[in-house]
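Please look over the model below before reading on. My notes follow as numbered points.

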Amino acid sequence: MLRACTRLSLALALAVALYSLAGFLLAPRILLHYANQQLAQSFAVPARLQNVVFNPFLLTFRLEGFSLGLPDAPKLTLPEVTGRLDWDSLWRGELHIEHIDAASPELALVIDASGTLNAASWLAPRPATPTAPASDSATLFPLSLDRLSVSSARINFEDRRFPTPLVLTVEPLEIHLKQLTTRGQSPASIELLARGPGSSTLQGHGQLWPAPLRSEGTVQVIALDLVDLSPYLESLIPLALQQGRLTTGGDYHYEPAGKTPLVVKKGHLEITELALGTADGEPLLNLPLLRADGIRIDHAARRLNIGRVQSSGLEAWLSRAASGAWNWPLPPASTTEGTTDNWQFRVGELKVEDYQLHLRDELPQQPVSLEIGPLSASVNDYRNFSDQPINAQLHTRIGRHGQLSLQGQIEPSSARARLAVQAQELDLRLAQSYIAPFLDVDLRSGLLSSNLDVALYRAEPLGLELSGNARISQFDMRDRAGQRDLVRWRQLDLSGLSYRHGQRLEIAAADLHEPYARLVIFPDQTTNLGRLLKNSPAPAAPARSGPPTPAIDIGTVRIHNGMAHFSDLSLRPNFVTDIQQLQGHIGAISHTRPITTVNLQGKVDRYAPVHIQGELAPFDPLSKLDISARFDQMELTTLTPYAAKFAGYRIRKGRMNLGLHYRITDRRLEADHDIVIEQLQLGERVDSPDAVDLPVRLAVALLKDSDGTIRLNLPVQGDLNNPQFEMMPLVWKTLGNLIARAARSPFRLISGLVSADERNLSSIAFDPGSSELDEAAREQLAQLAMALRQRPQLRLDIEGAASPWRDGPSVASERLEQALRVLWYEELQRQGERLPSDAVQLQVPEAHRPRLIGRLHQRWLAPTQATFPTQSTEQRITEQEAQLLQYWSTNESLLRTLGRARAATIKDYLVDVQGLDDQRVFQLDTRVSDHPDTERVISQLHLGSR
């Protein structure tokens with residue numbers, strides 16, 4: 001018995017010894033050899049396990065010194081892995097491991113410059129063998145693991161695709177796996193905790209099913225510093241990520257063999273303190289908070305659903321440099337647009353608040369800056385894969401006072417939208433820098449407000465419709481060069497506005513309140529409007545077949561209390577006038593109604609009414625126009641600059657009523673200018689090179705009626721197709737011709753006032769030697785007196801005339817008879833005879849004539865005339881009489897006396913018989929000249945002004 005017990009003890013001792021030898025020595029070596037052999041076959045890079053320690057009694061094991069990769073650059077190292085087996089593995093038919101603990105493992109992952117992950121080359125390639133898909137847990141090694149713990153792990157990640165390689169370290173990493181079994185449907189629990197770059201952490205917990213492989217749980221990344229990931233952002237857009245933190249997480253479901261391999265549910269994302277800038281450090285975007293909740297990702301279906309997105313406090317800077325480059329570079333265009341691989345996005349609610357945008361454009365010569373914000377917007381149920389419209393609204397401040405609100409529905413997939421747009425006091429001065437290269441103007445003020453319904457029904461070609469009302473107030477545009485007002489108005493209201501892009505613009509009514517316009521003619525004959533255009537070459541428009549010019553239809557244009565200013569600085573003194581209190585309307589302006597009406601009233605220089613009315617073709621006024629304008633009681637002193645330039649006189653006093661009537665038919669102009677001038681008084685003469693060389697004062701006196709009124713009609717005709725045709729020069733020419741005609745033929749002008757027969761009243765004919773008026777002369781002077789009474793500003797100058805040829809014989813004969821009576825009168829006085837008071841009353845007896853002729857010849861001609869010794873007395877007397885008649889027929893004094901008598905006869909008849917004021921009739925010096933071609937002697941009459 002003892003022996004048997006001894007043998008049994010020895011056998012047990014030997015078995016224990018052999019078991020110990022096999023467990024402590026042989027099994028570790030065999031396992032180490034087999035493990036290294038399998039590692040060499042399984043990996044393409046060096047892989048080695050240094051030592052295996054096994055305790056066959058406690059069933060504990062320890063793996064030491066595992067490394068993957070070259071000794072000087074290992075990819076994966078496991079300094080020590082410990083574990084323990086359970087004895088029940090012997091009868092459970094599966095390997096039961098109580099725990100496995102891996103301490104301080106380290107993994108090095110590298111993406112090289114070509115984008116290849118180093119781990120992709122670790123495994124050795126194996127020949128492909130057809131295998132049946134695993135359908136249940138029977139294909140897996142039967143294993144039951146109570147606990148797996150990885151502690152103090154370290155992951156080193158390096159991405160060398162960037163100029164400065166991206167290096168990240170995850171340390172420490174803790175992984176805990178519990179109750180893992182390859183049989184049955186009981187899941188294992190898994191927990192993960194890691195510390196990432198900076199103070200970021202990675203947390204996760206969930207369940208794991210090995211057969212078939214699937215897992216679900218929750219994962220979170222907390223406070224990840226985005227600067228550590230900036231190379232990825234900068235590879236897409238060359239921006240500098242200055243700061244920002246990311247917190248994200250959610251529930252996941254992972255099943256590689258399922259229909260949906262990866263699904264994320266109840267996800268959330270939060271980005272805080274995000275700051276982007278340029279490479280030079282200029283800020284581009286600051287975002288304090290962006291939060292997204294209710295995230296669901298279906299990777300297989302390529303769908304992303306987000307329940308709610310909230311963001312607030314964003315501040316962004318957008319600018320364009322003088323070179324045309326933007327500070328925000330655009331990302332490359334997607335190459336998958338329109339393919340079935342596109343992700344489908346859906347956002348239940350998007351809401352942003354308190355956004356601020358700083359815009360600056362340095363491309364114009366004068367940079368433009370615009371502040372937008374605070375901006376708030378919201379979008380509900382956005383989908384990029386559905387035609388279902390989404391509700392959107394936006395409200396923001398633009399600039400200092402402007403407000404903009406949008407509200408309506410948008411269909412992103414079809415580029416359709418219906419929006420209600422309200423704008424309040426948008427500052428139009430922003431346009432100044434963009435119109436400055438073309439117009440030398442200064443847009444000092446302008447506020448745009450509108451209430452519009454906007455319908456976008458097509459993106460390409462653009463299909464756009466607008467309807468509603470608009471207002472432009474406080475509009476003020478000035479001439480930059482002169483810093484003078486150019487155009488301004490208090491308010492422009494556009495009601496019933498309807499616009500269809502490229503087709504039609506309709507405005508029911510346009511009300512213009514207190515408009516002002518200014519027109520200036522400079523000394524060089526240029527205008528302020530002409531000077532506004534700059535000489536910068538316009539860019540060549542690309543050749544394209546665009547939509548036709550939209551038809552314009554304006555119901556009516558109403559003007560309220562308007563004003564216009566006109567200055568002509570080419571005159572000295574300058575001409576300046578204003579039209580004030582302009583009221584009225586312009587009728588419908590429409591392509592369907594080619595003719596529109598005009599009815600405007602106002603005042604010139606405050607007191608002179610003006611009325612403009614008629615009709616015209618608004619889109620082609622040179623084809624059809626019929627406009628009348630009436631100016632009443634205009635002060636003529638306003639026109640002094642024009643009178644000084646063209647007439648050579650200032651205007652001291654006067655008023656004018658002006659009626660204009662312009663008619664254009666097929667570019668053929670017919671114009672009437674009815675002018676009524678009251679109480680015109682010319683002032684001092686002005687030296688002007690452009691003044692007409694005519695007796696202007698006389699012309700004014702000729703044109704004035706008895707009431708001091710001048711009535712003129714100046715018709716003008718012309719062909720507007722003729723480039724040489726100019727309106728105002730032709731008007732002045734017509735007026736000049738009228739003045740010239742009046743100056744050249746004043747008597748014909750005034751004769752037309754009293755008779756249809758324009759008789760020449762400028763001369764009176766006398767019989768030779770006579771100063772008596774015949775019947776025709778008296779009738780002629782009566783007509784002249786009647787005309788002069790209608791022209792009280794005229795005076796009459798009478799030029800007496802005598803002709804030696806016609807009047808000489810008669811004058812000499814009368815002088816001879818007068819001389820004979822005087823001699824006879826003297827002789828009778830010496831004899832003491834009774835005599836009349838005047839020698840004219842005597843009659844010389846024939847008996848005494850020869851003796852008296854001799855005495856006269858002796859007195860007047862004896863010193864110069866020869867004697868008659870051989871002639872008879874009768875012949876001598878006849879010759880002496882002939883010599884006396886010859887002498888007196890050429891006597892200028894006698895002829896002038898006759899001419900003065902004739903002038904006096906004319907004046908006496910006009911004053912005594914016709915009742916003309918003697919202060920208006922003047923006698924000129926007598927003209928003595930011969931006109932052999934006339935049978936009668938003509939006394940000329942001349943008109944002048946008082």
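1. Leucine 26 is partly exposed, at a relative accessible area of 46%. Here buried means under 20% relative accessible area, exposed over 50%, and partly exposed in between, with a 1.4 Å probe and protein chains only. Leucine 26 sits in helix H1, residues 2–42. Helices (H or I, at least four residues) and strands (E, at least two) are DSSP runs, numbered from the N terminus.

2. This is a predicted model, in which local features need pLDDT of at least 70 and side-chain atom pairs count only at pLDDT 80 or more, while totals for chains, interfaces and linings use all residues. Residues are numbered from 1 along each chain as its sequence is written, and side-chain values use heavy atoms, with hydrogens and water left out.

3. Leu26 also belongs to a nonpolar surface patch of about 850 Å². Its other members include Leu14, Leu18, Phe24, Ile30 and Phe57. Patches take residues with over 30% relative accessible area and no salt bridge; like charges are joined within 9 Å, nonpolar side chains (Val, Leu, Ile, Met, Phe, Trp, Tyr) within 5 Å. Accessible areas come from the Shrake-Rupley method with a 1.4 Å probe; for residues, only the protein chains shown count as cover.

4. Now the chain as a whole. The protein chain has 14 helices and 40 strands. Of its 946 residues, 37% count as buried. It exposes about 52900 Å², and carbon and sulfur atoms supply 55% of that area. Among contacts between residues at least 6 apart in sequence, 58% join residues at least 24 apart. Contact means heavy atoms within 4.5 Å.

5. Which strands make up the open sheet, and in what order? The order is S37-S40-S38-S39, with mixed pairing. Strand S37 (763–766) and strand S39 (921–928) are at the edges; each has a single partner strand, so one side of each lacks a neighbour in the sheet. The twist averages 25 degrees from one strand to the next. Two strands pair if DSSP finds at least two bridges between them. Strands of a sheet pair through backbone hydrogen bonds, either parallel or antiparallel.

6. Inside that sheet, S38 (residues 794–802) and S40 (residues 937–945) run antiparallel, joined by 6 bridges. Leucine 796 has leucine 943 in S40 as its bridge partner. Helix H10 (residues 775–790) packs on the sheet and touches S37, S38 and S40; its direction makes about 160 degrees with that of S37. Helix H14 (residues 892–913) lies across S37, S38, S39 and S40, at about 155 degrees to S39. Axes are lines fitted to C-alpha atoms, for helices over the stretch in contact; angles run from 0 to 180 degrees between N-to-C directions.

7. Next, the strands around S24. S23 (residues 463–479) and S24 (residues 484–500) run antiparallel with 13 bridges. Isoleucine 472 is partnered by leucine 492 in S24. The two strands form a hairpin with 4 residues between them, and glutamine 483 in the turn has a positive phi of about 50 degrees. S24 also pairs antiparallel with S25, through 9 bridges. That pair is a hairpin with 3 residues between the strands; glycine 502 in the turn has a positive phi of about 75 degrees. Glutamine 491 is partnered by histidine 513 in S25. S26 (residues 516–521) joins S24 through 2 bridges, again antiparallel.

8. The count of salt bridges is 38. The rule asks for a side-chain nitrogen of Lys or Arg within 4 Å of a carboxyl oxygen of Asp or Glu. Glutamate 80 and arginine 62 meet at 3.7 Å, N to O. Glutamate 80 lies in strand S4 (residues 73–85) and arginine 62 in strand S3 (residues 60–70), 18 residues apart. Glutamate 80 is partly exposed at 33%, and arginine 62 is partly exposed at 28%.

9. Arginine 558 and aspartate 511 form a salt bridge at 2.7 Å, N to O. Arginine 558 is in strand S28 (residues 557–568) and aspartate 511 in strand S25 (residues 504–513), 47 residues apart.

10. Finally, a salt-bridge network links Asp476, Arg478, Asp485 and Arg488.
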